[in-house]
Amino acid sequence: MAADDETKRKFREALERKKQKGQPTSDHKDATSKAAGQHGPESGQQSFRRKTG
């Protein structure tokens, strides 16, 4: 039982440390992407090439 108590104590301590840190902050607070045109040009019709060989 001593091992169980020790494990529970460690988990409680870890949880307390996690709670003390508060909410995690994100690096991208403005939520905008730096990549422009992520999906390429939007053309009306897609062209297909037949494989040879």
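Modeller: The expected span of a helix is 1.5 Å times one less than its number of residues. Helices here are DSSP runs of H or I with at least four residues, numbered from the N terminus (strands are E runs of at least two). This is a predicted model, in which local features need pLDDT of at least 70 and side-chain atom pairs count only at pLDDT 80 or more, while totals for chains, interfaces and linings use all residues. Residues are numbered from 1 along each chain as its sequence is written, and side-chain values use heavy atoms, with hydrogens and water left out.

Helix α1 covers residues 2-21. At 1.5 Å a residue, its 20 residues should span 28 Å, and the end C-alpha atoms are 29 Å apart, which agrees. Gly22 follows α1 and has a positive phi, near 85 degrees.

As for cover, buried means under 20% relative accessible area, exposed over 50%, and partly exposed in between (1.4 Å probe, protein chains only).

Next come the charged side chains. The structure holds two salt bridges, a salt bridge being a side-chain nitrogen of Lys or Arg within 4 Å of a carboxyl oxygen of Asp or Glu. Side chains of opposite charge can pair when their charged atoms come close. Arg9 is bridged to Glu6, with 2.5 Å between the closest N and O atoms. These two residues sit three apart in α1, so about one helical turn separates them. Arg9 also meets Glu13 in a salt bridge, at 2.5 Å from N to O. Glu13 and Arg9 are four residues apart in α1, again about one turn of the helix. Through shared partners, the salt bridges join Glu6, Arg9 and Glu13 into one network. Each member is partly exposed: Arg9 has a relative accessibility of 36%, Glu6 has 33%, and Glu13 has 35%.

Thr7, also in α1, is partly exposed at 38% relative accessible area. Its side chain reaches the backbone oxygen of Ala3 at 2.8 Å. For a polar contact, the cut-off is a pair of N or O atoms within 3.5 Å; within protein, one must be able to donate a hydrogen and the other to accept it, and residues adjacent in sequence count only if both atoms are side-chain atoms.
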